[in-house]
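Visitor: I would like to go through the aromatic pairs and the cavities of this model. Please show me the structure, and tell me what each label rests on.

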Amino acid sequence: MNAVRYGDYSRDVSGWFLGMTGAQLALVTVTGVPALLALNAQAWALLVIWLPVWALLAAVLLVPIRGRAAGRWFADLCLHTIGGAMGWTIFGSRAASGTAENLSEADLPGVLAGIRTHDGPPYGHLFTRPVIVQNSAARTWAAVARIDHPGIGLAEPGERDRMGAGLAELCEIAARTELIDVLALQVRTVPDDGAERAAWERDHTRSDAAPLAVRVNALLGATLTPAAVRTEAFLTVVVGESRISRAAKESGGGVDGRARVLHGVMAEVESALRGPVGCTAVTWLDSATLAAAVRTGFAPGDRGQLIAADLAAANGAQLATGVPMAAAGPTQARAELRHYVHDAWASVTDTILLPDSGAVLGALAPVLVPTTAGERRCLTIFLAPLPLDRATRLVGREDMSATTGNELRARMGFRQRARQRRDTERIGAADEKLAAGRALVRPAVAACVTVPATWPVDEHGRRLAASVRAAGFVPLRLDLAQDSGFAAAAIPLGVGLPDRRGRR
């Protein structure tokens, strides 16, 4: 029995006219006005001189180079240079400098600077208090859950298809709530630090054990632990302020009112995760566990110390555990052109473009496989369900653009290519499914590799790109925006990729 191949998607923004957006069409038209005036005045010399200039300006505006037009590259490079000259690309934490006044206040770099955390009201029958993440810059509210899933590697094809249908049902639930902006599913493959194994050995070591057995066990631990990995997964539910504000007023207003609205959304998402998606455990993080998740996102090597302290405290030792939110971020960070340096670690982040041929569920698994011991891989999938009216307008615009392009090509005598026919069929299928009540979802994927800063980070970035290509996808390095890409790919706070639409 073959696995289902998912390929019913299209370009996020197809443009108003022949793939051009409104701004691009206006700029190309304005730059072509001198040529039309010269033609009208029969100034042939001016026309011959201006036509190459017009073609060059159109190429700068329209031709993509590694995901961005040449004009956009120049603008981004200027902004990055200005940021470097002003010192905006370098971060130093207040905790490291001794100026942190409130240890419960987050102090994070870059796009995470607007993050604030709040302890919400009791939730569920256990009366836990999940932390509410407020992003002042993006005007969003979020809740983060740690999820346990058996995986699909050993699942039968029928069971795997049911899990895929469950994920689609989760997206439809998110769309029907009319509250959720983004569902961010993050998976980390972390090098095993051996903290749990060391604690188990201390508790179960016998004084009369055979010397040979002790030596063999120590040799196995020293050999296998560095090569072992641990997988952890998070789901972040992000709700926009524009959507939650009215319902929050009805629930009492303020942070508690927004938290109560989020609790209802969290309950719906949790029921879908435990049901059709097949998760075995869903734990909504409180302030302490979220701070630890953020800290291990920036510094994977700190997990062993945090776990060892928790285990020792559970056994009665008197010592401090966890990490305050003010110290969850890096002490120092620096955004380079093609990688991001944070404390003693360096990271490279790629976005992942969907293949035209489609993909099966679990096709991104090779991206999470480290190529060497000590390497950390992260993968975050952003699922943004669109409201029904917005999805209808988007599909209608794509249908109009495809129809106009096909008619123009037919009148000019060009034969319709196979990709163009397939795109037209995809738009028609999306329209049919949308009319049947299915949800239209905007996906985005970011992958990140983290290694010690003394390692050749560019080489590990090339290995990450090779893993993406081996999985059947197309990697795209987030040059000049590695700090934002790292925050999206490795930190479970619901911060997504930059809002620039392009190829999907």
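Visitor: How many aromatic pairs does the count come to?

Guide: The count comes to two aromatic pairs. Rings of Phe, Tyr and Trp (its six-membered ring) pair if their centres lie within 6.5 Å; planes under 30 degrees apart are stacked, over 60 edge-to-face, the rest tilted. This is a predicted model: local features need pLDDT of at least 70, side-chain atom pairs pLDDT 80 or more, while totals for chains, interfaces and linings use all residues. Residues are numbered from 1 along each chain as its sequence is written, and side-chain values use heavy atoms, without hydrogens and water.

Visitor: Why is the pair of Phe298 and Phe486 called tilted?

Guide: Their ring centres are 5.4 Å apart and their planes stand at 50°, so the pair is tilted. Phe298 is in helix α10 (residues 287–298) and Phe486 in helix α15, 188 residues apart. Helices (H or I, at least four residues) and strands (E, at least two) are DSSP runs, numbered from the N terminus.

Visitor: What makes Tyr340 and Phe486 a tilted pair?

Guide: The centres are 5.4 Å apart and the planes at 45°, so this pair is tilted. Tyr340 lies in strand β12 (residues 340–342) and Phe486 in helix α15, so the pair ties together parts 146 residues apart in sequence. Phe298, Tyr340 and Phe486 form one aromatic cluster.

Visitor: How do you know whether Tyr340 and Phe486 are buried or exposed?

Guide: Buried means under 20% relative accessible area, exposed over 50%, partly exposed in between (1.4 Å probe, protein chains only). Tyr340 has 4% relative accessibility, so Tyr340 counts as buried. Phe486 has a relative accessible area of 1%, so Phe486 is buried. Phe298 is buried too.

Visitor: What makes a space a cavity?

Guide: On a 1 Å grid over the protein atoms alone, a cavity is a set of points where a 1.4 Å probe fits but cannot get out; lining residues have an atom within 4 Å of a point. The structure holds two cavities of 30 Å³ or more. A volume is the space filled by probe spheres set on the points, which are joined across faces, edges and corners.

Visitor: Which residues line the second largest cavity?

Guide: Among them are Phe298, Tyr340 and Phe486. Helix α15 (residues 482–490) gives the most to this lining, with three residues. The volume is about 40 Å³.

Visitor: What gives the most to the lining of the largest cavity?

Guide: Strand β9 does, with three residues. About 40 Å³ of space lies in this cavity.

Methods
On a 1 Å grid over the protein atoms alone, a cavity is a set of points where a 1.4 Å probe fits but cannot get out, and a pocket is an open set with protein on both sides within 12 Å along at least five of seven lines; lining residues have an atom within 4 Å of a point.
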